[in-house]
Amino acid sequence: MNSIQGCVFQLDNARPHTAVVIQHALQSVDMLPWPTRSPYLSPIEHVWDIIGRQLQRHPQPTLTVPVPTDQVQKAWNSIPQTDIQHLYDTMHARLHECIQNSGGYTGY
């Protein structure tokens with residue numbers, strides 16, 4: 001794997017990311033140091049959490065692949081744009097609080 005010029009990557013130090021084979025593959029990639037068990041800061045992680053909670057509220061037996069895809073699409077479409085905008089608008093505050101707490105719990 002070659003380094004992508006001007007890019008810095010972040011891993012959350014999850015067990016699969018710390019495997020020797022992954023570390024070897026990423027040795028030429030600029031990585032942002034990140035504490036283990038740090039909170040998810042990316043807005044998309046919060047959106048996936050919202051979708052996951054919606055899917056858990058309405059469990060249905062999965063018979064074919066299109067069924068879960070349709071369920072995820074419906075959950076995605078039901079998220080109010082104001083919720084997504086809020087995640088975007090609070091990104092700076094979430095980053096600041098994470099830095100203040102040395103990568104620990106932020107309450108977000």
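1. Asp49 is partly exposed, with a relative accessible area of 41%, where partly exposed covers the range between buried (under 20% relative accessible area) and exposed (over 50%), computed with a 1.4 Å probe and with protein chains only. Its salt-bridge partner is Arg53, the closest N and O atoms lying 2.9 Å apart; a salt bridge here is a side-chain nitrogen of Lys or Arg within 4 Å of a carboxyl oxygen of Asp or Glu. Arg53 is likewise partly exposed, at 42% relative accessibility. Both residues belong to helix α2 (residues 43-57), where they stand four residues apart, about one turn of the helix.

2. The model under discussion is predicted, so that local features require a pLDDT of at least 70 and side-chain atom pairs count only at pLDDT 80 or more, whereas totals for chains, interfaces and linings use all residues. Residues are numbered from 1 along each chain as its sequence is written, and side-chain values rest on heavy atoms, with hydrogens and water left out.

3. In overall terms, the secondary structure of the protein consists of five helices and two strands, which follow one another from the N terminus in the order β-α-β-α-α-α-α; helices (H or I, at least four residues) and strands (E, at least two) are DSSP runs, numbered from the N terminus. Of the 108 residues, 17% count as buried. The accessible surface comes to about 8400 Å², and 59% of this area belongs to carbon and sulfur atoms; such areas come from the Shrake-Rupley method with a 1.4 Å probe, and for residues only the protein chains shown count as cover. When contacts (heavy atoms within 4.5 Å) are considered, 54% of those between residues at least 6 apart in sequence join residues at least 24 apart.

4. The structure holds two salt bridges, and besides the Asp49 and Arg53 pair there is one between the side chains of Lys74 and Asp70, at 3.2 Å from N to O. Lys74 and Asp70 lie in helix α3 (residues 66-78), four residues apart, about one turn of the helix. Lys74 is exposed, with a relative accessible area of 55%, while Asp70 is partly exposed at 38%. In general, side chains of opposite charge can pair when their charged atoms come close.

5. A nonpolar surface patch is formed by Ile44, Trp48 and Trp76, with about 300 Å² of accessible area together; patches are made of residues with over 30% relative accessible area and no salt bridge, like charges being joined within 9 Å and nonpolar side chains (Val, Leu, Ile, Met, Phe, Trp, Tyr) within 5 Å. Ile44 sits in helix α2 and is partly exposed, at 36% relative accessible area. Trp48 is also placed in helix α2, is partly exposed at 45%, and has its C-alpha 9.5 Å from that of Val72, a residue 24 places away in sequence.

6. Which residues make up the largest nonpolar core? The five members are Val47, Ile51, Ala75, Ile79 and Leu87, a nonpolar core being a set of buried Ala, Val, Leu, Ile, Met, Phe, Trp, Tyr and Cys residues joined through side-chain atoms within 4.5 Å. Leaving aside neighbours within four places in sequence, Ala75 is in contact with Ile51, Gln54 and Leu55.

7. Gln54 deserves a separate remark. Gln54 is located in helix α2 and counts as buried, at 16% relative accessibility; with residues up to four places away in sequence set aside, Gln54 touches Ala75, Ser78 and Ile79. Its side chain makes a polar contact with the side chain of Ser78 at 2.8 Å, where a polar contact is a pair of N or O atoms within 3.5 Å, of which, within protein, one must be able to donate a hydrogen and the other to accept it, residues adjacent in sequence counting only if both atoms are side-chain atoms. Ser78 is found in helix α3 and is partly exposed, at 41% relative accessibility.
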